[in-house]
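Visitor: I would like to learn how to read a strand within its sheet. Could you take me through one case?

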Amino acid sequence: MSFLVVDHVSKFFPGHAGGGDVCIFKDVTLKVDKGEFVTVIGHSGCGKSTLLNIIAGLETLSEGGVILNGREVSGPGLDRMVVFQNFALMPWMTVFENIALAVRSAYPDWDQAQVVAHVHKYIALVGLKGAEDKRPIALSGGMKQRVGLARAFSIEPKVLLLDEPFAQIDALTRGVIQEELVQMWNATRNTVFMVTHDVDEAILLSDRIMLMTNGPSSRIAEIVDVTIPRPRSRDTVIEHPHYYKIRNHVIHFLVRHAAHGVASERGVQRESPAAAPLVVRF
Amino acid sequence: MKTHGNGSPWMISVFILVIFLGGWHLLTLRTSFDAKGKTDEQLQMMEFNGDIVRAGAGGYIWNPEKMKGVPGPLAVVEKARTELSEAFVIKGTNDHGIAYLVLYTVSRFAAGFLAASVVAILFGILLGLNRVLFRAVNPFIQILKPISPLAWMPLLLYTVKDPKWTAILVVFMAAVWPTLATTAFGVSSLKKEYLHVAAILQLSRFKRLYRVILPGAAPTIVNGLRIAFGSALVAVVPAEMLLGELGVGYLSWIEWNNLDIAGVIFAILVVGVVGVILDSGFNKLAGLVTYQE
């Protein structure tokens with residue numbers, strides 16, 4: 001059995017007056033192995049962030065279940081840490097305090113010296129040495145998200161959930177932090193579930209990319225294997241022969257087919273929306 | 001091109017003060033008494049009424065003991081000098097030095113304001129965390145909030161039967177509503193990401209409250225406290241006047257009863273100075289708990 005299983009999960013929101021419930025997504029099933037990096041890509045409003053929040057336990061699901069390491073999860077917990085799109089750092093705490101809050105919660109038995117050493121280790125890992133006592137207001141967006149990543153990695157969760165982590169960071173900084181994330185992930189081999197809009201980001205980081213159709217009633221239509229060997233880096237990955245094949249496929253899907261969920265490029269017509277996603281491998 | 005905003009504001013402040021004091025002095029200046037055109041009978045009547053007194057050389061001057069019109073700045077300075085020189089003197093049950101009066105007012109204010117703040121913040125958090133309760137209680141807050149704290153005084157005096165406590169409760173009533181309303185608002189509008197982080201990190205109820213909710217809502221709470229502070233400061237003066245409790249508000253009233261208008265003006269100035277000192281203290285405290293986003 002896979003490490004993380006999202007099993008036939010559906011989400012409905014109560015509709016407007018008179019109307020019935022609105023289906024955000026239906027019957028989503030996905031399996032993530034331990035140490036795997038899986039990304040969901042889809043247009044805004046397809047429910048991918050809702051899916052991530054359901055895995056995190058921050059939102060309830062309407063049908064189905066989420067199973068982590070053989071146990072069904074209910075509610076948020078330290079085993080599933082989120083890196084938020086808008087960073088979600090406490091503005092009244094320094095960089096050190098923000099991470100220490102997480103470390104103390106994850107390791108309540110540690111003494112002060114252990115906490116301090118652990119926090120400093122992760123601050124150094126994201127290259128923020130010297131910024132320990134700064135508050136988030138004094139940091140750039142890129143630095144803020146480095147703190148967010150350090151906080152998430154520092155509690156060594158079973159699954160890292162990245163919710164469009166670089167969407168609010170300028171393009172140049174984004175590339176640098178993506179590279180840093182690759183290195184952190186290479187060192188830790190965490191299980192990661194990421195949600196993004198950014199195709200290049202998905203290819204650089206992921207083992208598999210799940211393509212989600214547009215909402216309402218969206219679903220995962222295709223799963224693309226990223227057949228580019230690791231370790232990857234931004235400049236070498238684009239030279240791999242599969243890079244543009246994968247990229248073009250994903251973009252074609254997003255531009256032409258996400259609205260109806262038909263993978264017509266490969267001549268495959270869906271029989272029913274509930275069918276298993278098509279696995280694409282180059 | 002000329003730019004506006006040149007020059008030192010300090011200089012302008014001094015200029016305004018000089019103009020004000022000079023104008024005040026000139027407007028309240030009394031011309032010396034002129035007996036011309038008045039019959040002996042009229043003069044005798046005025047002397048009998050105490051308006052004028054006989055000066056050494058047989059002429060008359062205005063009676064300096066009898067106040068007429070608004071006193072000038074010099075009279076107020078003179079009054080301030082005597083009051084300040086006796087600041088720590090207690091002459092009788094109702095005649096305490098100005099330092100004591102300030103102390104009484106400040107402690108009365110502090111007691112009412114602090115009690116109101118604690119109660120309002122606790123209930124505000126409760127309401128802010130519970131949407132249903134907030135909506136259930138909000139109509140009552142909206143009705144109670146605009147009531148002048150002084151309107152409560154007769155009822156409070158009747159119930160607690162003690163003017164000391166009534167004065168503190170009037171301050172309490174003035175300070176409790178703004179803080180309550182803004183605390184509830186601040187807590188309920190806290191960014192949900194902060195609560196999400198707290199939930200993922202499995203913070204205990206207590207830790208979530210004092211590490212996340214309270215500091216997160218602190219800027220809004222401080223804004224409420226600031227409004228409450230002003231409103232309580234406004235309420236403490238008339239409360240003392242009406243209840244006859246010793247303090248700077250009482251000083252203003254007792255000087256009025258003595259028809260000592262210079263004393264009234266002095267009392268007004270003292271109220272202003274006390275307000276400024278309390279306010280700057282408050283701002284220092286507020287700076288410690290607020291943050292920038």
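Visitor: Which residue of β9(A) is the bridge partner of A:Ile41?

Guide: This is a predicted model, in which local features need pLDDT of at least 70, side-chain atom pairs count only at pLDDT 80 or more, and totals for chains, interfaces and linings use all residues. Residues are numbered from 1 along each chain as its sequence is written, while chains are lettered from A and ligands numbered from 1 in the order in which they are written. Strands are DSSP runs (E, at least two residues), numbered from the N terminus, and two of them pair if DSSP finds at least two bridges between them. Here the bridge partner of A:Ile41 is A:Leu211, and β3 (residues 37-41) of chain A pairs with β9(A) in the parallel sense over four bridges.

Visitor: Which strand is joined to β9(A) by five bridges?

Guide: That is β10 (residues 220-225) of chain A, running antiparallel to β9(A), with A:Ile209 opposite A:Val224.

Visitor: Are the faces of β9(A) covered or open?

Guide: In a regular strand the side chains alternate between the two faces of the sheet. In β9(A), A:Arg208, A:Met210 and A:Met212 on one side and A:Ile209 and A:Leu211 on the other are all buried (20 or more other C-beta atoms within 10 Å of the residue's own, with C-beta atoms placed from the backbone). Five of the five residues of β9(A) are buried, so this strand is largely enclosed by the rest of the structure.

Notes: Buried ≥ 20, exposed ≤ 12 C-beta atoms within 10 Å, placed from the backbone.
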